[in-house]
Amino acid sequence: MEIIRLVAETKAKISKFKEEGKSIGFVPTMGALHQGHLSLTEQSVKNNDITIVSIFVNPTQFNNPNDLKTYPRCIEDDLEKLSKYNPDIIFIPEVEEIYPEPDTRVFNFGQLDTVMEGKNRPGHFNGVAQVVSKLFDIVTPDNSYFGQKDFQQVAVIKQMVKDLKLSVNIVPCPIIREEDGLAMSSRNMLLSDVQRKNASKISETLFKARNLAAELNVTQLKNWVVEEINKNPYLSVEYFEIVDDTTLTQINSWDEDNVKVGCITVQVGKIRLIDNVTF
Ligand code: AMP
């Protein structure tokens, strides 16, 4: 496991691997690693000759300066966790290395960026596309691994790959959860004990909703989820939408012939948590 901080050095290593005909798997992260990130790493190591994990807290995807400031950073811990999975390169660039000058590119993802996280975090997915496209340019992966926890992000990245005509294969990976069902997230460590305990109500409600879909229509079910979670004094639902898994347009009826995903964002004190379930 080699730690590299410079773009030029990473590129040089990778071009050597490519000359040797090796396949490249890539796992982009913002660090504060947990089992979710490690599951992506594990899959990449299993299915590629070489695996690169990046740790970079990307400033351009934070629309809230306080969120960027408080985002957890614990590189030493991260490296120790990663060492058990034996990826080949950990790329940990400084901001100036990725953005030697400001990135002024504006992506247009249409509907994918105007709903849910796109609507509630203006500029977020543009920042994600900026950093992921730059990282893809450096790493030139064959396969890149993304968690379904950030369901809308996977849709946006797939669209970006199409728009930029890149040859990387995007591999979506299942959501890894804590024992009580809470989706693992780097932001969970910012919760107080009592907030953490109550946060399990989010996934608990989503799982119950999956069963209730047989009895309630789409609008009734959406209202039920929001009311159920908002009953908890520590939780406040920002939105709950049930959408088509590729277009992200809202579902009006269970009869529609598509894969339906219920996506939620909940404010727990100052911390914003997201989760989703497939119906
Ligand atoms: P982040 O460090 O939050 O930018 O996440 C890096 C990658 O890990 C993204 O592809 C996330 O979707 C993925 N990820 C984060 N949490 C989880 C989880 N609980 N299960 C699976 N993947 C996750």
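Tutor: Happy to! Keep in mind that this is a predicted model. Let's begin with the ligand. There are 17 residues around the ligand, and those that come nearest are Met-30, Gly-147, Asp-150, Ile-176 and Met-184. Two of these names come back when we look at polar atoms. A polar backbone atom of Gly-147 is 2.9 Å from an oxygen atom of the ligand, while a polar backbone atom of Met-184 is 2.9 Å from a nitrogen atom of the ligand. With His-37 it is the side chain that takes part: one of its N or O atoms is 2.9 Å from an oxygen atom of the ligand.

Now for the helices, starting with helix 7, which covers residues 124-139. One partner of helix 7 is helix 8, residues 151-163, and their axes are 10 Å apart at an angle of about 55°. An angle between 35 and 65 degrees counts as oblique, so helix 7 and helix 8 are oblique to each other. Their crossing is right-handed. On the helix 7 side, the contact is made by Phe-125, Val-128, Ala-129, Val-132, Ser-133 and Phe-136. Helix 8 brings Gln-152, Gln-153, Val-156, Ile-157, Met-160 and Val-161 to that contact. Sorted by class, the residues of this contact are 9 nonpolar and 3 polar, with no charged ones.

Helix 7 also packs with helix 1, residues 7-19, at an angle of about 50°, and here the axes are 8 Å apart. Helix 1 and helix 7 are therefore oblique to each other too. In this contact, Val-7, Thr-10, Lys-11 and Ile-14 of helix 1 meet Asp-137, Ile-138 and Val-139 of helix 7.

Finally, find helix 9 (residues 193-212) and helix 10 (residues 218-230), whose axes cross at roughly 155° and come within 10 Å. Over 145 degrees counts as roughly antiparallel, so that is how helix 9 lies to helix 10. The crossing of helix 9 and helix 10 is right-handed. By class, that gives 8 nonpolar, 1 polar and 3 charged residues.

Key:
Residues numbered from 1 in each chain as written. Predicted model: local features only at pLDDT ≥ 70, side-chain atom pairs only at ≥ 80, totals over all residues. Heavy atoms only, no water. Axes fitted to C-alpha atoms, helices over the stretch in contact; angles between N-to-C directions. Helix = DSSP H or I, 4+ residues; strand = E, 2+ residues; numbered from the N terminus. Parallel < 35°, antiparallel > 145°, perpendicular 65-115°, else oblique. Left-handed = near helix turned anticlockwise from the far one by under 90°. Contact = heavy atoms within 4.5 Å. Nonpolar A, V, L, I, M, F, W, Y, C, P; charged D, E, K, R; others polar. Near = heavy atom within 4 Å. Polar contact = N/O pair within 3.5 Å; in protein donor to acceptor, adjacent residues only side chain to side chain.
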